[in-house]
Amino acid sequence: MDNVSASQGKVDADEKEGLALKRQIGLGGCIAFVVGSVIGSGIFISPKGVLQNTGSVGLSLVVWVACGILSTIGALCYAELGTCITKSGGDFTYILLSFGQLLAFLRLWTMLLSVLTAANAVLATTAATYLVGPFFGECNVPTVVIQLLGLTLIAAVFFCNSVSVAWSNRVQIIFSVAKVLGLVIIIVSGVALMIQGKTENLTDGFVSDLEVPLSNIPLAFYSGLFAFGGWENLPTFTEEIVQPSRNIPLGIIISMTIITGVYIMANLAYFVVLTPAELLASDAVALTFSDRVMGSWSVVISVVVALSCVGASNGSSFAFARILMVASREGLMPQILGMINVDYLTPLPAIIAMFPIIAIMMMFDVSSLINYISFTQWLFLSIAVATIPYFRWKYPNMERPFKVPILLPLIFIICSLSVVVISIYSSPADVGVGALITITGVPVYFVFVWWQKKPRWFTDSVDLVTCCLQRFLLISPQKVKL
């Protein structure tokens, strides 16, 4: 099967020679990475965007259910891809094998500029804000304090990812449990009040005083799907998962069931306590809820929001380092990024490479950059899932340990492309800027990847830097004893 077989053979050969990272992430780690990557700040903020564009409690809950179903369909499609293509890299690898280097590089380019780096900067800033907020009370928190604490959090996450996969795994499990427990506190509080008879906000749930046109419903889905983002991260480190043919599908099914259930119940709890008008007036729904229900103990939810952001940052950083490593291995990134530390057996250069980018982004407001390029996320997700019908046609005899009905990827592709079209309709200026930013990756690809006959001075300089860093960081592309 030409490219696929060659790619798979390369991975198998690397494992036999000791070049691959260790397989040490089990089912619990898979569940924790999905839960930890998905549950970030979205569930604590997005309910406002969903309600704002639906107008009623009942319809907003329907949208949350639909977003959970669509995200689960996408995750199941990635489970099939992750089990039949046993190479790390996630959708970067799937696009590379199916549609070639240019599209795969543009996917990597958008991740590098926004989808993961700028998102990490925002997550770190949000975590720092919620951690120091209770200490400043009604006073404004100095920007430099937030930036320094945010950088400290990012540095801690990157240090953990650099020295031990096992540490990263444990941190993700601990943070995932903590954030789910925090949401359980919200859910139990709401259910307790509902049992006591506080259900007036749920009466006539589909009746609304808000005048919201039906054309806004797709925008509600956009907000809901944002809160579910991150389910695509698990197959980015397939080569490090124990029994991937078993643990990837199980991890995705269990984690998406937990996430969808918790999200729906948390929204129900919000509506029990807050009227639609109060929820729309809040910039942080979970904190408004906790102030109303928990009083002085509401600081617990502030800590939970911060932990959620740090956990999401840990998961996305872990995943993106593997994508950079695979991209380097395929010749789309500098060779240095494909090396691993001989002592820690981690992709140390790929992890370190992200830190200065995120640090610089934390000095500016990069939320607009995320808005500009977010539409490309759904475009590339649909392209990646399109690999399933393409491979079913081109490689009908390919081994597929986990196989979804062909209708599921078709549904996901149609819905994902609908989100892209909706983005063009609702925010044409943002999409235009995002498209231009994405296209800037084309000349970068042709100069640094496609153009093979570069000047001698350029290749010698790159080789010298690579050699120096290789010695300094104790990294090697050669055999590593596992």
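These are my notes from looking through a predicted model of one protein chain.

**Ground rules.** I number residues from 1 along each chain as its sequence is written. Local features need pLDDT of at least 70, side-chain atom pairs count only at pLDDT 80 or more, totals for chains, interfaces and linings use all residues, and side-chain values use heavy atoms, with hydrogens and water left out.

**Whole chain.** I found 22 helices and two strands; helices (H or I, at least four residues) and strands (E, at least two) are DSSP runs, numbered from the N terminus. The C-alpha atoms fill a box of roughly 70 × 50 × 45 Å along the principal axes.

**Burial and core.** Buried residues make up 54% of the 482, where buried means under 20% relative accessible area, exposed over 50%, and partly exposed in between (1.4 Å probe, protein chains only). The largest nonpolar core has 129 residues; such a core is a set of buried Ala, Val, Leu, Ile, Met, Phe, Trp, Tyr and Cys residues joined through side-chain atoms within 4.5 Å. Phe92 is among the residues with the most contacts inside that core. I listed its contacts (heavy atoms within 4.5 Å): leaving aside neighbours within four places in sequence, Phe92 touches residues including Phe105, Leu108, Ile323 and Leu332.

**Helix α10.** I checked its span: residues 165-195 reach 44 Å from first C-alpha to last, close to the 45 Å expected, which is 1.5 Å times one less than the number of residues. At its start, a side-chain oxygen of Ser164 comes within 3.2 Å of the backbone nitrogen of Ala166. Just after α10, Gly197 takes a positive phi of about 105°.

**Thr238.** I found this one in the loop between α11 (217-227) and α12 (244-273). Thr238 counts as buried because its relative accessibility is 0%. Its side chain reaches the backbone oxygen of Pro235 at 2.8 Å. Setting aside neighbours within four places in sequence, I see Thr238 in contact with Arg23, Lys87, Ser88 and Ile248, among others.

**Ile352.** This residue is in helix α16 (residues 348-361). I get a relative accessible area of 38%, so Ile352 is partly exposed. From Ile352 to Ala284 is 68 residues in sequence and 32 Å in space, C-alpha to C-alpha.

How values were computed:
Polar contact = N/O pair within 3.5 Å; in protein donor to acceptor, adjacent residues only side chain to side chain.
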